[in-house]
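Please look over the sequence and the structure shown below before reading on. The paragraphs after them are meant to be read with the model open alongside.

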Amino acid sequence: MSTNYNQDIDVFDLFRWLKGQLKKFLIYGFRFFRFVFRNILIILLLFVIGIVAGFGLSKLLNPLKTAEILVAPNVKSTAYLYGKIEELDRSASDQESVLNKHFSIVNLKEISIEPVEDITSVLKNLEEFPVDIVPRISENYDDKSNFFDKPLYAPAYDVHKITLVASDTIAIESFLDYLEKQEYFQDKRKALLKSIATELEANKFTIAQIDSTLGAVPNALKQDRGAITVMGSNENSELSAIVNTKSMLLERNAYLEQTEAALDRVFKVYSQSNWVNKTSLRSLLIYILPILLISIFILYHLILRFKNRYSKELQ
């Protein structure tokens, strides 16, 4: 019986405590809104001053700008691209005013590269890797792993994203031209284009010969109508083989023409963004300063109120 009585007292005390806390909350809330109402003009003035000051400082400080480029390295130049980007990033981090004949990195603050996540390109390019690496790719592939950050697997991706951060705009075309100034890969690209052009011409010549042969078939059938029955019953006839060969050559030429179009540069550019202001503390000053000024004003009155209430104890 006494246990139940003590539990009833504990619950009663809890509700009485909650009632007291709610009463304090309402009192403090009323005092706060009364304070805001009495000082509404000062608060609005501080708000306007904060917005104007934040806007002016954000323009004066010249916020950083960022741009992104999507590229597809050709002729197995992915490792070179990653190495070049790392070299430029080190130069930017060291704040070196490097000026070469292609473009200036004086304004460059940061540059990075990462693969565009696409498992289909990884599966397509598995043959490019040693056999012992393939199991590790399968084991490390999950959304939470750092799989995509591993340089070892960079060549497995077709498309890569380059992110530039600068204090002022940099001519992206000049930056891309700088990456292209590598004679070894340019020679490989030109040699591959020449090889593709030679194969295309050979395939077109063969297709023309096939068309010529197929063009003679109707006349042969007119002279020997019995050949129609023989050809229709023989699925593996020479004519079927010729038609299949032409079909494969046409598919091959379509693939070669697509590859040739992508080889206009060592690093094929799929898209590039315009320079935009990077989200940072500078760009948020227009929101931070009004809140900061109003907070300082409220804190000042809280300290003043505390001092007046406990002035005797503080002496």
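Predicted model: local features only at pLDDT ≥ 70, side-chain atom pairs only at ≥ 80, totals over all residues.

Residues are numbered from 1 along each chain as its sequence is written, and side-chain values use heavy atoms, with hydrogens and water left out.

The protein's secondary structure consists of twelve helices and five strands, where helices (H or I, at least four residues) and strands (E, at least two) are DSSP runs numbered from the N terminus. Of its 315 residues, 26% count as buried, a word that here stands for under 20% relative accessible area, with exposed meaning over 50% and partly exposed lying in between (1.4 Å probe, protein chains only). The accessible surface comes to about 22100 Å², and 59% of that surface belongs to carbon and sulfur atoms; such areas come from the Shrake-Rupley method with a 1.4 Å probe, and for residues only the protein chains shown count as cover. If one takes the contacts (heavy atoms within 4.5 Å) between residues at least 6 apart in sequence, 83% of them join residues at least 24 apart.

In soluble globular proteins, nonpolar side chains tend to be buried together. A nonpolar core is a set of buried Ala, Val, Leu, Ile, Met, Phe, Trp, Tyr and Cys residues joined through side-chain atoms within 4.5 Å. The largest such core in this model has 27 residues, and those with the most contacts inside it are Ile69, Leu81, Ile111, Ile162, Leu164 and Phe175. Two or more residues of this core are given by each of strand S1 (65-73), helix H3 (78-93), strand S2 (108-115), strand S3 (160-166) and helix H6 (172-180). Leaving aside neighbours within four places in sequence, Leu81 is in contact with Val71, Pro73, Ile113, Ile162, Leu179 and Phe267.

The loop between S1 and H3 holds Asn74, Val75 and Lys76. Asn74 counts as buried because its relative accessibility is 14%, and, not counting residues up to four places away in sequence, Asn74 touches Ala262, Leu263, Arg265, Val266 and Lys268. Val75 is likewise buried, with a relative accessible area of 14%, and its phi is near 45°, a positive value in a residue other than glycine. Lys76 also has a positive phi, of about 55°, although it is not a glycine, but Lys76 counts as exposed, at 67% relative accessibility.

Ser271 lies in strand S4 (residues 267-272) and is partly exposed, with a relative accessible area of 36%. Ser271 and Leu70 are 201 residues apart in sequence, yet 5.3 Å apart in space, C-alpha to C-alpha. Beyond the residues up to four places away in sequence, Ser271 touches Glu68, Ile69 and Leu70.
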